[in-house]
Amino acid sequence: YEWSEENELRLTFTAETDAPTVVNLTNHAYFNLNGEGSGTVLDHELRLNASEYLPTDGTLIPLGESEPVAGTPMDFVTAKRLGRDINEDFPALRYGKGYDACFVIDGAEEGVLQEAAELYSPESGRVLSVFTTQPGIQIYTGNWLEGCPEGKSGGHYSDYDGVAMECQKFPDTPNRPEYPSAVLRP
C-alpha cells in the first residue's frame, strides 16, 4: 500500500510460485466518500468502464458468458446513484440483496493499467477513480454489513454503509477455460 503526494493510494499485489498455482489477488476495502460512520453509500454515483457483467446462479457463481448491461439495472456505463435500481426485481440483485457482481472491464489487456470505475459523492464532493490491470471489477454494496464489528468511531454499520470495488480475475476462473487465466507459472 502506498500513498503518493498527489493523494493517490496504490495497491500492488505480487505473488511468486515454483509450480503452476491459481492466484486471484484482490482487496475488499469498503469506501464511503462521506466519511466513516456517515451512513449509506446509496446516494454515491458510480460509473463503470464495463458494458458487460457476469450473470450468476443463486449462490453467486458465474454461469459462464458475460451479458450486456444495457437496459438492465446493472448498467453503470453512464454514472448513476448506487441506490437507483438496487431494489429492482432482477436476478443479480435478488441473489445478493443488492449489487454483488463482477463487471467485465471494456478493452482490458493483461498488464495494461486502465480506468475501471469512478465513484462520486455529491454530498462531500469527493471522487475516487479506480485503475487496474485486471479484467474484472466486483462491485459489492455492503449488502450484509448489519451486525459487523463496530467502526472506529464506535458506531455500528448498517447494510449499504460502504461499497467495495474489487479488481480481479473473474470469479470461478479456474473452472471456466473461456475466462482469462488465473494460473501463475514459475
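# Charges, rings and loops

Reader: I'd like to start with Arg94: how exposed or buried does it count as?

Author: Arg94 counts as partly exposed, because its relative accessibility comes to 47%, and the scale calls a residue buried under 20% relative accessible area, exposed over 50% and partly exposed in between, with a 1.4 Å probe and protein chains only. Bear in mind that this is a predicted model, in which local features need pLDDT of at least 70 and side-chain atom pairs count only at pLDDT 80 or more, while totals for chains, interfaces and linings use all residues. Residues are numbered from 1 along each chain as its sequence is written, and side-chain values use heavy atoms, with hydrogens and water left out.

Reader: Okay, and which residue does Arg94 form a salt bridge with?

Author: The partner of Arg94 is Asp89, and the closest N and O atoms of this salt bridge are 2.5 Å apart. The term stands for a side-chain nitrogen of Lys or Arg within 4 Å of a carboxyl oxygen of Asp or Glu. Asp89 itself counts as exposed, since its relative accessibility is 63%.

Reader: How many salt bridges are there in the whole structure?

Author: A search of the whole structure gives 9 salt bridges. Among them are two that involve Arg176: one with Asp172, where the closest N and O atoms are 3.7 Å apart, and one with Glu178, where they are 3.9 Å apart. As for these two acidic residues, Asp172 is partly exposed at 22% relative accessibility, and Glu178 is partly exposed too, with a relative accessible area of 49%.

Reader: And which residues are linked in a network of salt bridges?

Author: That network links Arg47, Glu115 and Glu118.

Reader: Switching to rings now: how many aromatic pairs are there?

Author: The count comes to 6 aromatic pairs, where rings of Phe, Tyr and Trp (its six-membered ring) pair if their centres lie within 6.5 Å, and planes under 30 degrees apart count as stacked, over 60 as edge-to-face and the rest as tilted. One of these pairs is formed by Phe76 and Tyr99, which are edge-to-face, with 5.1 Å from centre to centre and 70 degrees between the planes.

Reader: Why does that pair tie together parts that are apart in sequence?

Author: Phe76 lies in the loop between strand 7 (67–68) and strand 8 (80–81), whereas Tyr99 lies in the loop between helix 1 (91–96) and strand 9 (100–104), so the pair ties together parts that are 23 residues apart in sequence. Helices (H or I, at least four residues) and strands (E, at least two) are DSSP runs, numbered from the N terminus. Both Phe76 and Tyr99 are buried.

Reader: What about Phe170 and Tyr179, what kind of aromatic pair do they form?

Author: Phe170 and Tyr179 form an edge-to-face pair, with 5.2 Å between the centres and 85 degrees between the planes. Phe170 counts as buried at 7% relative accessibility, and Tyr179 is buried with a relative accessible area of 7%.

Reader: Which residues do ring pairs link into a cluster?

Author: The cluster consists of Tyr53, Phe76, Phe90, Tyr99 and Phe103, which are linked by ring pairs.

Reader: Where does Lys80 lie, and what does the charged end of Lys97 sit over?

Author: Lys80 lies over the face of Phe76, at 4.5 Å from the ring centre, and the charged end of Lys97 sits over the ring of Trp144, 4.0 Å from its centre. A charge sits over a ring if NZ of Lys or CZ of Arg is within 6 Å of the ring centre and within 35 degrees of the ring normal.

Reader: Last topic, loops: where is Thr59 found?

Author: Thr59 is found in the loop between strand 6 (52–53) and strand 7, and Thr59 is exposed, with a relative accessible area of 59%. Although Thr59 and Gly96 are 37 residues apart in sequence, their C-alpha atoms are 8.5 Å apart in space.

Reader: And what about the phi of Leu60?

Author: Leu60 has a positive phi of about 70 degrees, although it is not a glycine. Most residues other than glycine have a negative phi. Leu60 is found in the loop between strand 6 and strand 7, and at 26% relative accessibility Leu60 counts as partly exposed.

Reader: What is the phi of Asn7 near?

Author: The phi of Asn7 is near 65 degrees, which is a positive value in a residue other than glycine. Asn7 lies in the loop between strand 1 (2–3) and strand 2 (9–10), and it counts as exposed at 60% relative accessibility.
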